Amino acid sequence: MPDHELAFDINKIDQDFLDDPYPVYRKLREQAPVYRNPDGTFILTRFADVVKAFKHPGMSSDKTVDFKPKFGDGPLYTHHTTSLVFNDPPVHTRIRKLLASAFSPRKLTELEPLVEQVINNLLDRLERQGEFDIIEDYALALPTEVISYMLGVPEEHRHLLHNYSNLILGALDPVVPPEKLQAGHDAVEEFGAMLEELIQVRWKMPGQAGQGEVLAALIFGEIDGEKLTPVELVQNCIFLLNAGHETTANLVGNGISILLDYPDQLKRLQNDPGLIKTAVEEFLRFESPLQIGNRKATADVEFGPEDATVTIPKDAFIHTCIGAANRDPEEFDNPESVDVGRAHNPQIAFGIGKHICMGNTLGRIEGRIAIGKFVDRFPKLRKNGEKKFHGRARFRGLDKLPVAVT
Ligand code: HEM
């Protein structure tokens with residue numbers, strides 16, 4: 001029998017949890033930091049435990065067995081089991097090294113002015129509108145444009161990417177109706193075919209790449225005589241869209257939403273724009289875009305505080321709750337309050353360990369420019385209706401955030 005009376009079930013979450021999961025996280029962290037979910041999986045909510053799970057050699061990200069019953073041999077199976085995030089060493093290590101050229105300091109230097117340009121254009125349009133939705137009209141538009149530059153997706157195809165990403169990631173939800181599953185398979189095939197064409201063109205004309213494009217580096221990149229296979233190349237390009245799309249949009253949307261909820265912090269940032277760096281770290285901590293990660297134990301591993309450890313057995317599935325870890329009072333002073341100038345902030349919104357987000361510098365650049373310039377351009381920013389969180393527990397983000405700026 002457990003020594004607590006919590007009756008939380010991660011497979012049966014309600015709207016209250018989606019609106020505000022933090023009271024539940026707090027109870028779990030205080031009463032059952034290594035919580036056994038009714039389906040036998042475990043939920044970790046302490047900072048120290050989540051970090052341990054991400055760093056421990058006895059933890060696997062490989063999904064070749066787990067995804068088989070759900071995806072069969074279809075395109076979703078190929079995609080998710082080929083993307084580096086769902087692989088262990090040595091496959092993960094090799095793909096990660098080969099993908100690193102997409103995030104080199106040179107590529108990031110090329111991308112930064114493009115981010116500025118995209119943001120300036122969006123802000124000009126929003127200024128003319130006066131009233132708009134932050135999510136639809138601002139936060140979602142930026143990462144799609146940036147990834148399009150990286151993959152060389154021409155302008156006429158860019159409107160398709162948001163939907164592809166939703167369909168492919170949506171297929172990872174715990175329960176997926178057959179038509180949604182089929183739409184996910186189709187999205188992998190269609191986006192894959194588009195990328196194959198772009199790769200063919202770049203392969204024939206490597207010198208013609210646009211600013212910020214990374215395809216040539218990924219096609220021709222070689223480490224220790226090894227290259228990405230054609231399937232690895234296409235599937236990891238698809239993964240770059242998925243990894244950097246909703247997460248970055250959530251950072252921008254959540255950041256502006258936090259500033260609207262805490263007007264004193266908005267004023268601080270307006271008076272001292274140099275705080276944008278620590279402000280973005282605080283938004284990442286306070287409303288982490290990716291709330292719940294996952295690992296599978298490949299050995300018995302102990303978690304929990306020293307005086308109450310629990311052994312998670314080999315083969316158990318673990319939910320690593322980043323959103324709870326980032327509000328753990330053992331790691332952060334006043335974790336439930338927002339401080340855009342927070343000095344000590346070792347937040348783990350980008351994960352930690354060998355799978356730490358490859359796009360973390362790019363995500364930070366996008367967040368700082370998008371939120372910093374927005375606050376600077378619109379000093380009269382105010383709410384203009386009810387915000388609404390979307391219905392997925394693993395990601396923390398809004399569907400709607402209506403504002404007025406004149
Ligand atoms: C604020 C924005 C972002 C957040 C919060 C975020 C968060 C994360 C997290 C938590 C992981 C680790 C997953 C795990 O350990 O299982 C991850 C992995 C990854 N992210 Fe991000 N991400 C963001 C933006 C981006 C962007 C912009 C890109 C690229 C365009 C990107 C590319 C990746 C890649 C390639 C991985 C896999 C790394 C690996 O498995 O070794 N991310 N991200």
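Helices (H or I, at least four residues) and strands (E, at least two) are DSSP runs, numbered from the N terminus. The model is a predicted one: local features need pLDDT of at least 70, side-chain atom pairs count only at pLDDT 80 or more, and totals for chains, interfaces and linings use all residues. Residues are numbered from 1 along each chain as its sequence is written, and side-chain values use heavy atoms, with hydrogens and water left out.

The loop between α16 (322-325) and α17 (360-377) contains C357. The SG atom of this residue is the only protein donor of the iron atom of the ligand, at 2.3 Å. Donors are here N, O and S atoms within 2.8 Å of the metal (3.2 Å for Na, K and Ca); water is not among the atoms, so sites may look incomplete. With 27% relative accessibility, C357 counts as partly exposed; in this scheme buried means under 20% relative accessible area, exposed over 50%, and partly exposed in between (1.4 Å probe, protein chains only).

A residue is near a molecule or strand if one of its heavy atoms lies within 4 Å of it. There are 25 residues around the ligand, and H92, R96, R295, H355 and C357 come nearest. For three of these, side-chain polar contacts can be given, a polar contact being a pair of N or O atoms within 3.5 Å; within protein, one must be able to donate a hydrogen and the other to accept it, and residues adjacent in sequence count only if both atoms are side-chain atoms. An N or O atom in the side chain of H92 is 2.6 Å from an oxygen atom of the ligand. The corresponding distance from a ligand oxygen is 2.7 Å for the side chain of R96 and 2.8 Å for that of R295.

Which helices each supply at least two residues of the shell around the ligand? They are α6 (91-99) and α13 (230-261), and α13 gives the most, with seven residues. By class, the shell has 15 nonpolar, seven polar and three charged residues. In this classification Ala, Val, Leu, Ile, Met, Phe, Trp, Tyr, Cys and Pro are nonpolar, Asp, Glu, Lys and Arg are charged, and the others, Gly among them, are polar.

A disulfide is a covalent bond between the sulfur atoms of two cysteines. The criterion applied is a pair of cysteine sulfur atoms within 2.5 Å, and a search of the whole structure finds zero disulfides. The sulfur of C321 is 18 Å from the closest cysteine sulfur, that of C357, which is too far for a bond. C321 itself is buried, with a relative accessible area of 1%.

The strands may be considered next. Strands of a sheet pair through backbone hydrogen bonds, either parallel or antiparallel. Two strands are taken as paired if DSSP finds at least two bridges between them. Strand β5 (residues 292-297) is largely enclosed by the rest of the structure, because five of its six residues are buried. Strand β3 (residues 59-60) pairs with β5 in the antiparallel sense over two bridges, and S60 stands opposite K296 in β5. Strand β8 (residues 317-321) also runs antiparallel to β5, joined to it by five bridges; here N294 stands opposite H319 in β8.

An open sheet of three strands has the order β4-β12-β9, with antiparallel pairing. β4 (131-133) and β9 (382-383) stand at the edges with a single partner strand each, so one side of each is left without a neighbour in the sheet. β9 pairs with β12 (residues 402-404) over two bridges, and K383 stands opposite V403 in β12.

Some backbone features remain. A cis peptide bond, with omega about 5 degrees, joins P89 and P90; P90 lies in the loop between α5 (75-82) and α6. Phi is positive in D224, near 50 degrees, although this residue is not glycine. D224 is located in the loop between α12 (215-220) and α13 and is exposed, with a relative accessible area of 71%. N334 also has a positive phi, near 40 degrees; it is found in the loop between α16 and α17 and counts as exposed at 58% relative accessibility. Q347 lies in the loop between α16 and α17, but is buried, with a relative accessible area of 8%.
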